[in-house]
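Let's take a walk through this protein together, from its sheets to its ligand. Have the fold open beside you as you read.

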Amino acid sequence: MHALMQQRPLLISGLIEHAATYHGDREIVSCQVDGSILRSDWRQLHARAKRLANVLTGFGVQAGDRVATLAWNTHRHVELYFGVSGMGAVLHTVNPRLFAEQIVYILNHAESRYVFFDTTFTDLVAKIAPQCPHIKGFVALCSRAQMPALNVARLYSYEDLLDGASAEYAWPVFEETRASSLCYTSGTTGNPKGVLYSHRSTVLHTFAACAADGLGLSANDSVLLVVPLFHVNAWGVPYAAAMCGAKLVLPGPGVGGESIFRLLRDEACNFSLGVPTVWLGLFDYIEGSAAKLDVSTMRLKRVVVGGSAAPRAIIEKFEKHFGAFVIQVWGMSETSSPATIGNLLPKHAGLPLERRFDLQVLQGRAIYGVEIEIFDADGSPLPHDGKVFGELKVRGPWVAGGYYRGDDGAALDDTGWFPTGDVATIDRDGFVRITDRSKDVIKSGGEWISSIDLENAAVGHEAVQEAAVIGIAHRRWQERPLLVVVKRPDKEAAPADILAYLQDKITKWWLPDDVVFVDALPHTATGKVQKLELRERFKGYRLPTDQS
Ligand code: ADP
């Protein structure tokens, strides 16, 4: 029997309509590329998104056409989020930190028709334009007066286009299963793969993000969005902020410690999101100028950390400096980002801080809408005892079922689960602990050592700025861990000091066999340590414990 409820499609345009109608004067603060700060609100953003939809219609952009961005977190980029998807085209956010060849590959693979770019990326556009025959035009995200010198056919000024377009536009109504946006994974081990989200998957994920036991976003929040709009739809927060009418603070190109600190303070942000590297930068700034900084007016209360494991040191520092609670999330492009969220349970109320930190270093519990399971090599599910490691698989209405243009064959295993490539434990309460990417696991004497646990422990040492652990071939144990460390410029430590520090923080036999200092670690375009490259660099390395 069919039910008798209305079949209104879940569309992204509905989110911005709602924000403009019910939270129209809630602020959007945008740091622009020229250094100025623009203050607007959801009503103005909606009007400009409609102008943009008219511009795209005038360009001949059709439903399903891909429209790409190479841009920072600014109001214009958020307008693209709603204008492009709202009119039925597909927003294709490209990570400008990728190598030019990868960007060319991605733009050609997606056959994107237009590219909207911040003027910071003018040289990049000049380089890639001749290699991307599908692109019909480039739009610089600036006024006519700020137009860059760039020799490409059909170059436009965004503000000029918007000025010339009407703000009258009726968002089209279509099936919710149509594609709304496209993000490519960073492709550390091959060509990037396209994850194609739908209006339905996006709106459903947005409900989960706003839910109290999700990210719990509400109209009362002032959100500093540090996670880039080109990284997995900024973890869904632009949509969630529109759904609940939160104040949105967009840092533009300035994601260094000082500018983050200023924005948090000046815009009274109580909520923020970003990858661990960004927060390390914030604390470097704070600790470097502690005597001069007044944090008494800061309102920061909740900080979402994901993308890589949140080191305990970051969790402790947020508590110490701001009394702020770190919510660790785990997710990937293929899960529309946050899939497990580190909210605590009623039984954890009143835990001593140290015990609470023990829970916060875990990756959290599955939110409704995402099913998770760990499996052994034969595909049998493993117990949720918090000890046994297995491959983490997920399924749900906002988890990818395949890649754009069928790349990489079937994305799902033959029982319909998506294999994440992450190795994890799940405990009795459902808390996930990611121990490694499956290709980064260290196999020592038939047992596994978690590089993430070792790295987390190492960054707690005051002289360690950043740490990575890789497996090094060992004649007796097959592999043993090597700790690679970037030291803080103002601190000194010898390998033995760091090993002594680790001694009581990790399982005894996990202690790295050696520590080496390097000037910098290689990173992917989304800030993760590139273990593949690091392993390559230390290929012939002989550990002191492996002497004949
Ligand atoms: P890419 O950086 O390759 O574009 P994603 O941003 O989708 O891809 O990265 C997803 C991967 O990042 C996950 O599979 C996992 O390995 C890692 N990751 C994300 N969040 C966490 C976390 N909180 N702890 C540990 N690893 C994480």
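In what order do the strands of the open sheet of seven strands lie? The order is β7-β6-β5-β3-β4-β8-β9, and the pairing is mixed. Strands here are DSSP runs of E with at least two residues, helices are runs of H or I with at least four, and both are numbered from the N terminus. Two strands pair if DSSP finds at least two bridges between them.

A word on the model: it is predicted, with local features needing pLDDT of at least 70 and side-chain atom pairs counting only at pLDDT 80 or more, while totals for chains, interfaces and linings use all residues. Residues are numbered from 1 along each chain as its sequence is written, and side-chain values use heavy atoms, leaving out hydrogens and water.

Back to the seven strands of the open sheet with order β7-β6-β5-β3-β4-β8-β9. Its edges are β7 (155–157) and β9 (194–198); each has a single partner strand, so one side of each lacks a neighbour in the sheet. On average, neighbouring strands of this sheet are turned by 25° against each other, direction ignored. Further in, β3 (residues 66–70) and β4 (residues 90–93) pair in the parallel sense over four bridges, with V67 opposite L91 in β4. Helix α7 (residues 199–210) packs on this sheet, touching β8 (179–184) and β9, and its direction makes about 75° with that of β9. Contact means heavy atoms within 4.5 Å; angles run from 0 to 180 degrees between N-to-C directions of axes fitted to C-alpha atoms, for helices over the stretch in contact.

Another open sheet has three strands in the order β23-β24-β25, with mixed pairing. Its edge strands, β23 (464–474) and β25 (514–518), each pair on one side only. Strand β24 (residues 478–487) runs parallel to β25, joined by five bridges, and V484 has V516 as its bridge partner in β25.

Now to the ligand. Of the 17 residues around it, V329, S333, D422, R437 and T526 come nearest; a residue is near if one of its heavy atoms lies within 4 Å. Strand β14 (residues 325–330) gives the most to this shell, with three residues. Here are some polar contacts, pairs of N or O atoms within 3.5 Å:

| Residue | Protein side | Ligand atom | Distance |
|---|---|---|---|
| H231 | side-chain N or O | oxygen | 2.9 Å |
| V329 | polar backbone atom | nitrogen | 2.7 Å |
| S333 | polar backbone atom | oxygen | 2.5 Å |

The protein covers 91% of the 580 Å² of accessible area that the ligand has on its own, by the Shrake-Rupley method with a 1.4 Å probe.

How values were computed: Polar contact = N/O pair within 3.5 Å; in protein donor to acceptor, adjacent residues only side chain to side chain.
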